[in-house]
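Thank you all for coming. Today I would like to walk through the side-chain contacts of one model, taking charges and then rings.

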Amino acid sequence: MIDVLILSLAFCSDISCKVSGLKLLENPIFQQMFAQLGKEWVLSDELVNKLQEFTCCLYAVRIPIKAVNDLRYQLFRARKGEIESGQLPPCKDCLCLHAQWANYQAGIWHRSLQPFPDTSQTKWPWSDCRPR
């Protein structure tokens, strides 16, 4: 759960973005979103959309865009191309990969007291590496 927050905050290059990220966590919708990480092995579309919304809020609180690819385009256009890639939010594909990894890690932590948690529903190549 905290991995996605850390990854989202790591994408932001300035301190104001990181501070606003902590303020965003006061929102019960985002708290519920992070609480859902790791409950299921596969991320739902709804959870991915909420993660996109959270990431968009990190980069541009005043712009009512909820899709990271749209926000990337708007920020690039607003600065007329004079923007470093590190100042843009991650694209949706990149965000989804980070979210899948954070969800997998949170799932392992949720099941840490089970001797051999069933990871057969995951998409990770090492998920079936259990002793035989």
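Predicted model: local features only at pLDDT ≥ 70, side-chain atom pairs only at ≥ 80, totals over all residues.

Before any contact, a word on helices, which here are DSSP runs of H or I of at least four residues, numbered, like strands (E, at least two), from the N terminus. Residues are numbered from 1 along each chain as its sequence is written, and side-chain values use heavy atoms, with hydrogens and water left out.

Let me begin with charges. Side chains of opposite charge can pair when their charged atoms come close. With a salt bridge taken as a side-chain nitrogen of Lys or Arg within 4 Å of a carboxyl oxygen of Asp or Glu, the structure holds 1. Its partners are Lys 50 and Glu 53, whose closest N and O atoms are 3.4 Å apart. Both belong to helix H4, residues 45-59, and because they are 3 residues apart there, about one helical turn separates them. As for exposure, buried means under 20% relative accessible area, exposed over 50%, and partly exposed in between, using a 1.4 Å probe and protein chains only. Lys 50 is partly exposed at 25%, whereas Glu 53, at 16%, counts as buried.

Now to the rings. Rings of Phe, Tyr and Trp (for Trp, its six-membered ring) pair if their centres lie within 6.5 Å, and planes under 30 degrees apart count as stacked, over 60 as edge-to-face and the rest as tilted. How many aromatic pairs does a search of the whole structure find? The search finds 4. In one of these, Phe 30 and Phe 54 have ring centres 5.2 Å apart and planes at 75°, so the pair is edge-to-face. This pair links distant parts of the chain, with Phe 30 in helix H3 (residues 28-36) and Phe 54 in helix H4, 24 residues apart. Phe 30 is buried at 2% relative accessibility, and Phe 54 is buried at 0%.

Trp 41 and Tyr 104 form a tilted pair, 5.7 Å centre to centre with 40° between the planes. Here too distant parts of the chain are linked, since Trp 41 sits in the loop between H3 and H4 and Tyr 104 in helix H6 (residues 92-110), 63 residues apart. Trp 41 is buried at 9% relative accessibility, and Tyr 104 is buried with a relative accessible area of 9%.
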